[in-house]
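Subject: Structure handover

Hello,

Please find the structure below. My notes on it follow.

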Amino acid sequence: MLSGAVVIALALGVYLQRVAGMLLVDAERLPSSARRVLDALPLTIIAAVIALTTVAEDGELVVDPRMAGVAVAGLCASRRLPMLVAVFAAAATTAVLRALT
């Protein structure tokens with residue numbers, strides 16, 4: 001599992017890359033589709049790191065209540081529910097499943 005320091009370092013690296021891109025690339029010359037992709041990239045990378053730490057342990061896929069919690073949070077996000085609702089729904093799902101198993 002990745003430590004908190006590694007996750008923070010990765011997040012910092014992503015945002016430093018974004019800042020460098022903003023300073024080096026003239027956004028007005030990019031097509032709008034490329035701008036949308038570049039806008040979504042940092043969040044996508046951070047989400048991938050979080051997903052990896054949630055479903056993998058020692059290089060193995062782990063199916064446990066955390067995965068269900070992440071799925072519920074994703075469903076809430078796809079329904080555009082407030083973040084607080086998504087966090088509480090994911091936490092509740094994970095807690096209930098852990099209590100049942």
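Which residues lie nearest the centre of the second largest pocket? They are Arg18, Gly21, Met22, Leu38 and Asp39, out of 14 residues that line this pocket. A pocket here is an open set of points on a 1 Å grid over the protein atoms alone, where a 1.4 Å probe fits, with protein on both sides within 12 Å along at least five of seven lines; lining residues have an atom within 4 Å of a point.

Before the rest, some conventions. This is a predicted model, in which local features need pLDDT of at least 70 and side-chain atom pairs count only at pLDDT 80 or more, while totals for chains, interfaces and linings use all residues. Residues are numbered from 1 along each chain as its sequence is written, and side-chain values use heavy atoms, with hydrogens and water left out.

Confidence

The mean pLDDT (the predictor's confidence in each residue, from 0 to 100) is 84 for the protein, and 97% of the residues reach 70 or more. Confidence is lowest in strand S1 (residues 56-57), with a mean of 78, and highest in helix H4 (residues 83-100), with 94. Helices (H or I, at least four residues) and strands (E, at least two) are DSSP runs, numbered from the N terminus.

The largest share, six residues, comes from H2. By class, the lining has nine nonpolar, two polar and three charged residues. For these classes, Ala, Val, Leu, Ile, Met, Phe, Trp, Tyr, Cys and Pro count as nonpolar, Asp, Glu, Lys and Arg as charged, and the others, Gly among them, as polar.

The largest pocket has a volume of about 510 Å³. Its lining numbers 21 residues, and Ile50, Val70, Ala73, Gly74 and Val87 are the closest to its centre. Helix H2 (32-55), H3 and H4 each give two or more residues to this lining. The lining of the largest pocket divides into 15 nonpolar, four polar and two charged residues.

Salt bridge

How many salt bridges does a search of the whole structure find? The search finds one, where a salt bridge is a side-chain nitrogen of Lys or Arg within 4 Å of a carboxyl oxygen of Asp or Glu. The side chains of Arg66 and Asp64 form this kind of contact, at 3.0 Å from N to O. Arg66 is found in helix H3 (residues 65-78). Arg66 counts as buried because its relative accessibility is 18%, and Asp64 counts as partly exposed because its value is 23%. The cut-offs are under 20% relative accessible area for buried, over 50% for exposed and in between for partly exposed (1.4 Å probe, protein chains only).

Two other residues

Arg80 is placed in the loop between H3 and H4. Phi of Arg80 is near 60°, which is a positive value in a residue other than glycine. At 76% relative accessibility, Arg80 is exposed.

Ala92 is in helix H4 and is partly exposed, at a relative accessible area of 40%. From C-alpha to C-alpha, Ala92 and Val72 are 9.6 Å apart in space, and they are 20 residues apart in sequence.

Regards

Methods: Points joined across faces, edges and corners; volume = space filled by probe spheres on them.
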